[in-house]
Amino acid sequence: MADLFPAHWRHPEFRQGARDMLGITLGISAWGLVTGVAMVKSGLSAGMALFMSLVVFAGSSQLASLPLLASGAPLWVLWATSFCVNLRFVIFSTQWRHYLAPLPRGQRLWMAYFAADLNYVAFLKRFPDMKPDPERQVPYFWGGVAINWFAWQVPAVAGIFLADRIPTNWGLGFAGVLALLGLSYSLLGNRNTWVSAAVAACAAVAAYGLPLRLNILVAIAAAVAAGLMMERWAPATDARGGRAA
């Protein structure tokens with residue numbers, strides 16, 4: 001395990017990754033706090049909620065599974081829901097593979113536990129060319145993780161132990177959504193990305209009635225398809241009229 005644990009904190013990219021995540025920690029922390037409260041108020045003991053927060057580390061699937069746990073739904077329904085909600089990470093990982101494929105498998109598996117939506121968005125913004133550069137990219141990944149993991153877990157643990165004092169109607173979870181939207185907006189740099197984002201939004205709303213939150217997967221698939229078609233038939237151009245990277 002010592003060989004897998006990152007030792008990059010002195011690298012400038014580690015500090016850059018941490019700085020890039022600092023601006024959105026408020027939204028992450030609010031989301032983690034609400035998730036911690038929700039776990040306890042759904043009927044989990046403090047010990048089980050703490051175990052779930054540390055082991056699962058996936059806010060969307062945790063929130064999706066809590067009503068099922070509270071209602072006594074069959075285990076296969078719980079697994080299917082969590083699986084569908086987290087299918088977006090399959091697409092995230094296909095993008096990360098362009099950068100991290102040269103690394104040893106054990107190191108990639110260790111990094112996969114810490115992978116999160118906002119880390120993914122910040123990483124692509126920092127390295128948009130999809131070329132492996134482990135000397136810079138790995139420290140940057142861990143710099144973002146160092147902020148993101150603690151920004152989630154500390155408020156989540158606080159929510160678990162202070163659940164009786166924090167009302168669920170505060171609506172703090174929406175702060176996490178706003179943080180993700182704000183960071184995603186910064187990636188919309190040309191016509192193709194705007195079209196893909198618009199397609200994703202429309203698909204998510206149109207498929208909202210699907211069970212197991214499959215509208216998330218539908219939105220991602222629609223955005224990827226739109227992006228690929230735009231790149232083939234209407235390549236993005238830079239300010240000088242040439243094809244953008």
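Helices are DSSP runs of H or I with at least four residues, and they are numbered from the N terminus; the views below use these names for a predicted model.

**View 1. The loop between α8 and α9, with Met130.** In this predicted model, Met130 is found in the loop that lies between α8 (117-126) and α9 (134-161). The phi angle of Met130 is near 55 degrees, which is a positive value in a residue other than glycine. Met130 counts as partly exposed, because its relative accessible area of 34% falls between the limits of under 20% for buried and over 50% for exposed.

**View 2. The loop between α3 and α4, with Phe57.** Phe57 lies in the loop that joins the view of α3 to that of α4, and its phi angle, near 50 degrees, is likewise positive in a residue other than glycine. With a relative accessible area of 9%, Phe57 is buried, since buried means under 20%.

**View 3. The second largest pocket and its lining.** The second largest pocket has a volume of about 460 Å³. Of the 16 residues that line this pocket, the closest to its centre are Met52, Val56, Leu78, Trp79 and Ser82. The elements that give two or more residues to the lining are α3 (46-56), α4 (59-71) and α5 (75-85).

View 4. When the lining of the second largest pocket is divided by residue type, 12 of its residues are nonpolar and four are polar, while no charged residue takes part.

Note on methods
Residues numbered from 1 in each chain as written. Predicted model: local features only at pLDDT ≥ 70, side-chain atom pairs only at ≥ 80, totals over all residues. Heavy atoms only, no water. 1 Å grid on protein atoms, 1.4 Å probe; cavity = no way out; pocket = protein on both sides within 12 Å on 5 of 7 lines; lining within 4 Å. Points joined across faces, edges and corners; volume = space filled by probe spheres on them. Nonpolar A, V, L, I, M, F, W, Y, C, P; charged D, E, K, R; others polar. Buried < 20%, exposed > 50% of the residue type's maximum accessible area, 1.4 Å probe, protein only.
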